[in-house]
Amino acid sequence: MTTTGNAQKAKAEEPQDLTDGFHLIIDALKLNDIKTIYGVPGIPITDFGRMAQGAGIRVLSFRHEQNAGNAAAIAGYLTKKPGICLTVSAPGFLNGLTALAHATTNCWPMILMSGSSEREVVDLQQGDYEEMDQLAIAKPLCKAAYRILHAEDIGIGVARAIRAAVSGRPGGVYLDLPAKLFGQAMDAAAGARSLVKVIDPAPAQIPAPDAVDRALAVLKGAKKPLIILGKGASYAQADDQIRALVEKSGIPFLPMSMAKGLLPDIHPLSASASRSLVLRESDVVVMIGARLNWLLSHGKGKQWGSAPKKFVQIDIEPKEMDSNVEIAAPLVGDIGSCVSALLKGMSDQWAPPPAAWINEVNKIKETNLAKMSAKLMNNSVPMNYHSALGVLRKVIDERPDTILVNEGANTLDFARSIINMHKPRKRLDVGTWGVMGVGMGTAIAASIETGQRVLAVEGDSAFGFSGMEVETICRYDLPICVVVFNNNGIYRGTDENPSGGSDPAICSFVENARYDKMMQAFGGVGVNATTPDELFRAVNEAMESGKPTLINAVIDPAAGTESGRIGNLNPQSVVSKK
Ligand code: OXT
Ligand code: ADP
Ligand code: MG
């Protein structure tokens with residue numbers, strides 16, 4: 001054998017530097033600055049979770065995938081990077097799917113990564129362990145769905161998932177990872193070369209100049225203009241430009257629920273407390289990152305009054321335009337670029353809206369604010385929504401960096417109007433679908449992603465959907481204070497069984513339950529609060545200590561109304577009650 005031949009043989013016999021699917025996925029995530037995974041371990045992703053943790057990714061283990069998924073969804077909203085949820089196959093995947101659909105509906109970037117069974121067996125339906133065609137099931141519920149079959153495709157697969165989640169209108173992406181992929185080996189150097197760092201994952205989308213001119217022309221003609229800010233506006237993190245637009249134009253603004261705090265609720269131009277008036281009377285409405293969906297009565301009907309209205313709409317999704325009513329000036333692009341373009345086009349002499357309009361808005365606002373403060377003065381025992389929420393309003397006023405998580409029906413609707421928000425992205429709630437059960441996942445991710453104190457204000461029913469995660473909160477020792485508004489049931493604790501039988505009524509729960517003991521069971525602090533003073537003291541202590549805390553706030557079971565402020569959506573029977 002020649003010398004060259006010997007050298008070649010020796011090289012071939014050297015142990016090759018190998019990598020595998022496990023490591024390539026971790027490397028691909030790290031390369032793209034993914035620092036956290038929310039999930040539940042099990043076959044086939046347990047070792048992957050361990051290795052990710054070993055490699056420095058923060059891996060948070062939940063008690064149920066839906067809560068992990070809700071955590072990932074809100075992480076996406078807060079960071080503009082895809083929140084990652086990791087689940088096992090079929091049942092774990094399905095548990096995570098609700099959150100994936102929720103993220104997509106809310107336009108938040110998230111990636112659900114699920115282990116899956118082997119294609120050959122699934123496709124022949126031979127009954128593999130947790131067999132399910134997950135990719136096909138996920139597809140209609142998310143923005144994009146991909147499956148990676150070969151280790152050398154991991155770099156591209158992860159890159160595609162990230163770009164799909166955050167570019168354009170953000171949304172949920174499903175990434176299918178068959179069990180065999182994890183153990184697939186390949187040359188380490190080739191593996192490293194196959195990874196992709198996504199460059200400019202959510203490129204700016206500059207609006208067309210004529211669209212900007214059209215929007216300004218519509219605005220100029222307005223006598224009663226209104227700006228509506230939605231959670232797309234808070235997602236965009238164009239806080240300074242949005243504030244500048246509102247203040248330069250002098251137009252009253254109405255924040256949708258999760259846009260509260262984008263400008264402070266106590267800002268002189270806030271029209272939250274004259275909501276009905278501004279919707280009804282405005283003549284030009286500028287929508288910024290908000291959709292004319294059910295939450296805005298689809299832009300038509302009684303709520304919007306009979307006077308003709310023109311809409312300017314800023315949205316990154318062209319298909320959103322004219323989805324419910326005609327949009328006179330569609331401004332398609334990212335909110336930062338669109339708002340900056342509008343500001344640039346407004347001359348220094350831009351005239352504020354007529355004083356008559358501002359006075360009309362302020363008059364109603366002052367009346368409503370006065371009515372509200374009278375209601376908040378009450379110190380009633382048992383507590384009602386106003387006395388309990390008045391206390392929590394004080395907490396947020398004094399600690400404006402606190403993240404407020406909120407779900408329930410009455411607990412949600414009263415808190416929305418009572419608790420003022422002072423900073424952007426501090427109010428996290430049930431979103432477009434009004435989903436109960438987002439609470440604990442949202443609270444956990446809010447704490448992890450921001451490092452801030454979290455106050456979760458929860459209806460007793462709402463809390464029950466994700467309540468087991470108090471163990472997770474204790475395990476990771478997170479500074480989360482959960483206040484359960486315990487009125488013994490869904491909407492009210494006074495529901496009656498119409499049959500007269502002994503089964504409990506469908507909306508009622510065990511009376512006088514002590515949710516605080518759930519937190520104590522895992523080593524956290526539990527407090528039973530029956531008066532506003534007790535509640536105030538307990539929340540402040542939790543905020544000071546940062547210890548996991550659950551306060552059982554005892555609320556008058558008769559204080560709420562059916563479905564809170566959206567009772568009108570309940571269908572009515574045409575057959576009169578016997
Ligand atoms: O201008 P007017 O006069 O109109 O007055 C308005 C404002 O001007 C004024 N206002 C103010 N006044 C003074 N000061 C201030 N600061 C101020 N701010 C405002 O107040 C009024 C009202 O203003 P608001 O609130 O801004 O406006 P409004 O009219 O309410 O806005 C309309 C909407 C539609 C935008 C708004 O209502 C909204 O955002 N709603 C969201 C509602 C929602 O999503 N609800 C959750 C779903 S309900 C139901 O489905 C539930 N379920 C079923 C279920 C669900 N959802 N999910 C799953 C997975 N399974 C089942 C269940 C099981 S709720 C529920 C549990 C409920 O029980 P809980 O025990 O959890 O809760 P409790 O009810 O507490 O017992
Ligand atoms: P809300 O419920 O607060 O009214 P929605 O979820 O209905 O808000 O609307 C959010 C809108 O914001 C969506 O139509 C989405 O396409 C849009 N959006 C999200 N991010 C951006 C962005 N960066 N630029 C422009 N539009 C955005
Ligand atoms: Mg309740």
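The following conversation goes through the ligand sites of a predicted model.

Biologist: Which residues coordinate the magnesium ion (ligand 3)?

Modeller: The donor residues are spaced D-x26-N-x1-G in sequence, and two of them link distant parts of the chain, one sitting in helix 20 (residues 460–464) and the other in the loop between strand 17 (480–486) and helix 22 (516–521). The residues that coordinate the magnesium ion (ligand 3), at 2.1 Å, are Asp460 (OD), Asn487 (OD1) and Gly489 (O).

Biologist: Is Asn487 buried or exposed?

Modeller: A residue counts as buried when its relative accessible area is under 20%, and as exposed when that area is over 50%. The relative accessibility of Asn487 is 1%, and therefore Asn487 counts as buried. For Asp460 the relative accessibility is 3%, so the term for Asp460 is also buried.

Biologist: Between which domains does ligand 1 lie, and why?

Modeller: There are 33 residues around ligand 1, and among those that come nearest are Ser276, Tyr385 and Thr411. Because residues of the shell come from both domains, ligand 1 lies between domain 2 (209–363) and domain 3 (377–554).

Biologist: Which helix gives the largest share of the shell around ligand 1?

Modeller: The elements that give two or more residues to this shell are helix 14 (275–281), helix 16 (355–376), helix 18 (410–418) and helix 20. The largest share of the shell around ligand 1 is six residues, and the element that gives them is helix 18.

Biologist: What share of the area of ligand 2 does the protein bury?

Modeller: An oxygen atom of ligand 2 lies 2.5 Å from a polar side-chain atom of Asp315, and there is also a distance of 2.6 Å between an oxygen atom of ligand 2 and an N or O atom in the side chain of Lys231. Taken alone, ligand 2 exposes 580 Å², and the share of this area that the protein buries is 96%.

Biologist: How many charged residues does the shell around ligand 2 have?

Modeller: Of the 18 residues around ligand 2, those that come nearest include Arg169, Lys231, Arg291 and Asp315. By class, the shell has seven nonpolar and six polar residues, while the number of charged residues is five.

Note on methods. Residues are numbered from 1 along each chain as its sequence is written. Chains are lettered from A and ligands numbered from 1 in the order in which they are written. This is a predicted model: local features need pLDDT of at least 70, side-chain atom pairs count only at pLDDT 80 or more; totals for chains, interfaces and linings use all residues. Side-chain values use heavy atoms; hydrogens and water are left out. Donors are N, O and S atoms within 2.8 Å of the metal (3.2 Å for Na, K and Ca); water is not among the atoms, so sites may look incomplete. Helices (H or I, at least four residues) and strands (E, at least two) are DSSP runs, numbered from the N terminus. Buried means under 20% relative accessible area, exposed over 50%, partly exposed in between (1.4 Å probe, protein chains only). A residue is near a molecule or strand if one of its heavy atoms lies within 4 Å of it. Domain bounds come from an automatic or database domain assignment. A polar contact is a pair of N or O atoms within 3.5 Å; within protein, one must be able to donate a hydrogen and the other to accept it, and residues adjacent in sequence count only if both atoms are side-chain atoms. Accessible areas come from the Shrake-Rupley method with a 1.4 Å probe; for residues, only the protein chains shown count as cover. Ala, Val, Leu, Ile, Met, Phe, Trp, Tyr, Cys and Pro count as nonpolar, Asp, Glu, Lys and Arg as charged, and the others, Gly among them, as polar.
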